[in-house]
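Here is a short briefing on how the parts of one protein chain pack together. Please keep the sequence and the structure in view while reading.

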Amino acid sequence: MDPIRVLLADDQRLVRAGFATMLSVEDDIEVVGQVTNGQEAVDFAASRNVDVVLMDVQMPVMDGIRATELITAEGRGKVIILTTFERDDYLFDAIRGGASGFLLKNADPEDLVAAVRAVAGGYALLAPEVTVRVIRQFASQLGGGNAPPAHRQPSPEQQQKQALLAPLTQREKEVLTCMAAGLSNAELATKLSLAEATVKSHVSSLLAKIQVRDRVQAVVFAYESGLIRPGE
């Protein structure tokens, strides 16, 4: 099999070098490039085959959020956002822009490798210590705007998302709610007293019904549709 082609986008040379060192020892991963800003990441992904981009958020010329939007919109690669939590108020925008997950900059080598492999394999990286914090930050910023009380009329966008909720079974809604809390398939199976294979089947079914491509986008959908309300 061809190795997973990884692009590193970070304006800190030591960070890039550290990640490159961690990844280069793996037989199934190849670091194909290192860039210092979002525009360079977009240009590189457009000219070379890239499977996964490890993307910093705060960079000169073009930030990681905009670069993520452009790369994923063109199908030029999947993006993992690098974060130190210093500006996690920006990270939800990256999810909406198409990022497949998050990775802490101080991640252990095995976590970095596992993240790259997971995202390259089509999975979303929903590490609870990262994603739940970001989603809760987003929910608090909503202030109830996307989860309106009874006297407030839902927006057309939310009405559309609520219509997509209708075909979900009660069990699928329970699974989606648990996903929004950051639970893995194994944790979902334990909580709902289901076989893990059954959980995977429910996840695949609900992703198709709500028309999202991965678990990260499903968590976004859970909040934006009003299934999960800020503070819950």
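Asn185 is buried, because its relative accessible area is 17% and buried means under 20% relative accessible area, with exposed meaning over 50% and partly exposed in between (1.4 Å probe, protein chains only). This is a predicted model, in which local features need pLDDT of at least 70 and side-chain atom pairs count only at pLDDT 80 or more, while totals for chains, interfaces and linings use all residues. Residues are numbered from 1 along each chain as its sequence is written, and side-chain values use heavy atoms, with hydrogens and water left out.

**Asn185 and its surroundings**

- Asn185 lies in helix H9; helices (H or I, at least four residues) and strands (E, at least two) are DSSP runs, numbered from the N terminus.
- Apart from neighbours within four places in sequence, Asn185 is in contact with Glu196, Val199, Lys200, Val203 and Arg215, where contact means heavy atoms within 4.5 Å.

**The chain as a whole**

- The chain has 11 helices and five strands.
- Of its 232 residues, 50% count as buried.
- Among contacts in the chain with a separation of 6 or more, 67% are between residues 24 or more positions apart.

**Helix H8 against H9**

- Helix H8 (residues 170-180) packs on helix H9 (residues 185-192) at an angle of about 130°, and their axes are 10 Å apart.
- Axes are lines fitted to C-alpha atoms, for helices over the stretch in contact, and angles run from 0 to 180 degrees between N-to-C directions.
- That angle makes H8 oblique to H9; angles under 35 degrees count as roughly parallel, over 145 as roughly antiparallel, 65 to 115 as roughly perpendicular and the rest as oblique.
- From H8, the contact uses Arg171, Glu174, Val175, Cys178 and Met179, and from H9 it uses Leu188, Lys191 and Leu192.
- By class, the contact of H8 with H9 has five nonpolar, no polar and three charged residues.
- In this count, Ala, Val, Leu, Ile, Met, Phe, Trp, Tyr, Cys and Pro are nonpolar, Asp, Glu, Lys and Arg are charged, and the others, Gly among them, are polar.

**Helix H8 against H11**

- The axes of H8 and helix H11 (residues 215-224) cross at roughly 100° and come within 9 Å.
- H8 and H11 are therefore roughly perpendicular to each other.
- Leu176, Met179 and Ala180 of H8 meet Arg215, Ala218, Val219, Phe221 and Ala222 of H11.
- The contact of H8 with H11 has seven nonpolar residues, no polar residues and one charged residue.
- H11 is mostly covered, with 10 of its 10 residues buried.
- After H11 comes Gly226, which has a positive phi near 90°.

**Two loop residues with positive phi**

- Ser193 is not a glycine, yet its phi is positive, at about 55°.
- Ser193 sits in the loop between H9 and helix H10 (196-210), and it counts as exposed at 66% relative accessibility.
- Gln211 is not a glycine either, and its phi is positive, at about 60°.
- Gln211 is found in the loop between H10 and H11, and it counts as exposed at 63% relative accessibility.

**Helix H1 against H5**

- Helix H1 (residues 13-24) and helix H5 (residues 109-120) have axes that come within 10 Å and cross at roughly 75°.
- That makes H1 roughly perpendicular to H5.
- Phe19, Met22 and Leu23 of H1 make the contact with Pro109, Leu112, Val113 and Val116 of H5.
- The contact of H1 with H5 has seven nonpolar, no polar and no charged residues.

- Gly38, Ala41, Val42, Phe44 and Ala45 are the buried residues of helix H2 (residues 38-47).
- These residues cover an arc of only 165° around the axis, which puts them on the same side of H2; the arc is that of the directions from the helix axis to the C-beta atoms.
- An α-helix has 3.6 residues a turn, so residues three or four places apart point the same way.
- The buried residues of H2 pack against strand E1 (4-9), strand E2 (29-35), strand E3 (52-56) and helix H3 (64-73).
- Val53 is in strand E3 and is buried, with a relative accessible area of 0%.
- Not counting residues up to four places away in sequence, Val53 touches Leu7, Ala9, Ile71, Lys78, Val79 and Ile80.
- Val53 and Gly77 are 24 residues apart in sequence and 6.6 Å apart in space, C-alpha to C-alpha.
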